[in-house]
Structure formats: structure tokens, C-alpha cells
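Subject: Structure handover

Hi,

Here is the structure I promised to pass on. My notes on it follow below, with the cut-offs included.

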Amino acid sequence: MSRNSEQMRDVELGPRGNTLASPTSFQTATPHHGTKDKAIARGFGIRAQDAESKAELKRLSAVKRKYHLSIHPKKIRNSVNLTREIVLMAGKIFKKFDKDQSGTLSLEEFKQALMEIKHESASKASMAAIDLINEIHQQGLDIHSKNDLQEVNFDEFLSAILASQDAHYGDNGFVVKDLIEQAGMFYGFSKGIQTFYAPQKKDFTESYVCWPPPLLFVSISVLLLFIFAHYVENDNRCHGERLGSTSLECPLVFDSIWAYHYDAAYKNEWWRFITYMALHASASHIASNIFLQLIVGLPLEMAHGPWRILLLYVLGGLAGTCCVSMFDEKTNVVGASAGCYALVGAHVANIINYWSIMPYAWFRTLFFGLLFVADVGIAAYQKYHGQETSVSYSAHMGGALLGLALGTYVLDEIEHHENIYWRYFKNYFGLTATIVCFFVALMYNLITPQET
């Protein structure tokens, strides 16, 4: 395409410095009336000797002068979010559709656009064009418009686009939204359209839902207390203490068929990798885990519902015993600590996922990071400096890393504006890392399990 030919087809919607204050702010530049015939001919990509007469050239010049796009703000509906960028975007699409440069879009032009963009048959495109033009009139028609109902002017077209910004499948406006998105991809300027249709940023706390009430971790906590009470009542080694005492211990749980034993893989007792989470060895043990899972788990459940959080909780427990089996020799484990730390890791994943709308994102990251580092650091120091400890640092580390890695994928469900490439990277990196680590742990326990 020649430079001058492109001038005819590409409408410039006003000077860069203009605003929406004037109805003519986005009018196209009109050629001078004194333009020579030869220059007019070049402007339309034809040679002077190819034109049949000067009258033909003058007719073409008149068409070019006639075609312009202008908006009248008082006639625009849904103009709350009207910006220059949106007008430019709508103008680019409008001029692509307006083949005859009449300043209005006809039913036939919508049909041709649908056939070109969506590769639909003529009959299907005709029906779709009727639905489309009806929806545009419904969403964007000014009550004082005297236009033919088979045509759409730029004010109506722009109003319909503005009305389609928050449309979902089945809503009024979705047909327009789908066409605009398809047109953007087809003509190669989809970036601005994606920005326009991206959900508006909001505070993450708006995603918290109090009804139905978050009962997952309340129910799990009650279940853990019942199981602990059962073992206490049947354990003769509780040092004479009973329920309610902070010094209450219940070593019987380590002998349970449900506790994790270091030789579980060797004996093919694979259920122990999960069921150990239901058992606790002392009152302080179960109290600390219930406190942590309620404080950390309830906000996550309110934002994401119970099932995604339950998945992370259980898989966090599994990741904990996988780490114990690989890094701790001859260590038996009970307790839901790994699952609780998976929730801590999930909170950090949540902060990463929704950084732009997360209140106090830096403070939250610092708090949970210090909590994790302090706990694991103290437990590791005690273990490797000969101090006796009942805390499994590797189980805590495995749970937290699982919550962080898989949480970036599982919890990325709330609509918000985010760089698409960063979103794909963090989501699939976390999912891939989780699958690879579980596969490595499985192979390790199948090939070199700890023997009895």
C-alpha cells in the first residue's frame, strides 16, 4: 500500500493534545479545497491518466472530504469510562468495517466484517449481522437518533463498545464484545482491546465472602480434637494428666497404624503419608496447629472457597512426609503442621498472585517470610547441634514450599489485571515444580526406601 493510499484509509482521530471537551475533537483532517487534480489522484492511489475525467476525480475528492469520524459526548451513553484511547480504538475498528467510507456501518458491511474476521458463511454472517446491529442499537442508540435502524453511526458504535466492557457470555453486550476482541486479533491491535476489557483493579479484601460461612477448618479442628481425646482416653502413659492440661502428652499416637513411620514405603503402608496429619502427640501440639490453621486458613477459605484450600492442606501434609522420608533418617511423624505450613505458603502465593490489589503486600510478605525462616531455622539448629527437639523442620519446609509453588496455580482464580506472560510463567512454573518434586519423592521411596 502506498503512503498516500494509506492516508485515505486510515482516519486520524484528532490531534494528540485534544480532549473530549469538544464534539469535534476527534474529527479527521479535511483536505484543502484547492487540491490539484493530480494530487487528488495520488491520494487515492490512482494515476491521473487512468482517470476517465476530472469529474471522476472531483467525485473521489468529495468522498474523501466527506468521510470523518466525530463524537458528540452528549449523545454517548455509558460514557463514564470514555477516554481518548477508547475512542481511538473504536475508530480504528469502525474505519476497517466502513468499506464505502460513508461514516455509517450498514447491515451489509457488518456481514462482510463477520465473514472476513470469523470466516462465517454468508447465510450465517447475515443472521449474526442482524443480531449484532440490533444489540448495538439496544446498547448505544440515542433516543433522539434519526438514523435508519439498518445503519450504525460512530456515536452508537462507541456507546455499544462502552456498554460491552463488563459483559459476560449470555449478557447483553457480549456479541459486541466478542466481535471487538476478534477484530482486534484479526487486524493486529489487540493489546489496547485487552486492556480495555481487562477487569478493573479492586482491593483483594472485596473477594472475602462470609456467607456461606467458612466451616472447613472449624470442622477439621473439631475432628482433630475428637481424635486426640480418643487416644488420650486409651493411653495409659499420659502421666496422669487428662484433657484440659497444657502438659498433657499422648505418646500412644506414634504406635498407631495411622502415624507416619520412616519405613512406611518399605512396608507398602502408603496411607501413613497422609493419615498422620490427624494425630497429635500433646495438648500444646494440637493447640498450636489448630490456632495456626484457623488464623491462616479462614481468610483463604473466605476468598477461595473450601475445596482449593483443602487440596493445598492435604497435599501440604503429603509434601511434608515426602521431605521427611528423603531428608530425615528413622524419623516418625504425627501432626498437621505440614498442612498448616502449606497454608502459610499459600498466603505468600496469594500475595504474589494479587500483588497489585493486595493491601500491605510488602508487610504480609515480610511477616510470613520471617515466620517460616524463624521456625525452620530454630528446628534445624536444634537438630544439627545435638539439642533434642520434637519438631520436624523438613516437614514444615515441605509443606510451606508446596503451598507456595502450587498455590500460585490453584489460587489464581480471582479476575484482576496482570501481565499475561508473568501469569503463565508463575502458574505453570509452580505446577511443574510440584509435579516434578512429587515424582522425585515417589521414585526415591520406591527405589531406596528406608528399611525397618
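Helices (H or I, at least four residues) and strands (E, at least two) are DSSP runs, numbered from the N terminus. This is a predicted model, in which local features need pLDDT of at least 70 and side-chain atom pairs count only at pLDDT 80 or more, while totals for chains, interfaces and linings use all residues. Residues are numbered from 1 along each chain as its sequence is written, and side-chain values use heavy atoms, with hydrogens and water left out.

**The cavity**

The structure holds one cavity of 30 Å³ or more. A cavity here is a set of points, on a 1 Å grid over the protein atoms alone, where a 1.4 Å probe fits but cannot get out; lining residues have an atom within 4 Å of a point. The volume is the space filled by probe spheres set on the points, which are joined across faces, edges and corners. For the largest cavity, that comes to about 40 Å³. Its lining consists of F204, Y208, P299, L300, H347, N350, I351, M358 and R364. Helices α12 (283-304) and α14 (337-353) each supply at least two of the lining residues, and the largest share, three residues, comes from α14.

**Salt bridges**

Side chains of opposite charge can pair when their charged atoms come close. I counted a salt bridge when a side-chain nitrogen of Lys or Arg is within 4 Å of a carboxyl oxygen of Asp or Glu. The structure holds seven of them. For accessibility, buried means under 20% relative accessible area, exposed over 50%, and partly exposed in between (1.4 Å probe, protein chains only).

- K99 pairs with E116, with the closest N and O atoms 3.7 Å apart. The pair links distant parts of the chain, 17 residues apart: K99 is in the loop between α4 (84-97) and β1 (104-106), and E116 is in helix α5 (residues 107-118). K99 is exposed at 51%, whereas E116 is partly exposed at 30%.
- D178 meets K118 at 2.6 Å, N to O. This pair joins helix α8 (residues 174-187), which holds D178, to helix α5, which holds K118, across 60 residues of chain. K118 is partly exposed, with 28% relative accessibility.
- D412 meets R423 at 2.9 Å, N to O. D412 sits in the loop between α16 (393-410) and α17 (420-447), and R423 in helix α17, 11 residues apart. D412 is buried, at 9%, while R423 is partly exposed, at 27%. Salt bridges with shared partners join D412, R423 and K426 into one network.

**UniProt annotations**

UniProt positions are in the numbering used here, feature names are shortened, and annotations may be inferred rather than shown by experiment. The unreviewed entry gives "domain: EF-hand" for residues 85-120. In the model, that span is 69% helix and 8% strand, with its end C-alpha atoms 30 Å apart. The entry also lists several spans as "transmembrane region", including 273-298 and 310-327. Residues 273-298 are 73% helix and 0% strand, with 25 Å between the end C-alpha atoms. Residues 310-327 are 100% helix and 0% strand, with 26 Å between the end C-alpha atoms.

**One more contact**

F154, in helix α7 (residues 154-163), is buried, with 4% relative accessible area. The C-alpha atoms of F154 and G103 are separated by 7.3 Å, although the two are 51 residues apart along the chain.

Best wishes

Technical notes: On a 1 Å grid over the protein atoms alone, a cavity is a set of points where a 1.4 Å probe fits but cannot get out, and a pocket is an open set with protein on both sides within 12 Å along at least five of seven lines; lining residues have an atom within 4 Å of a point.
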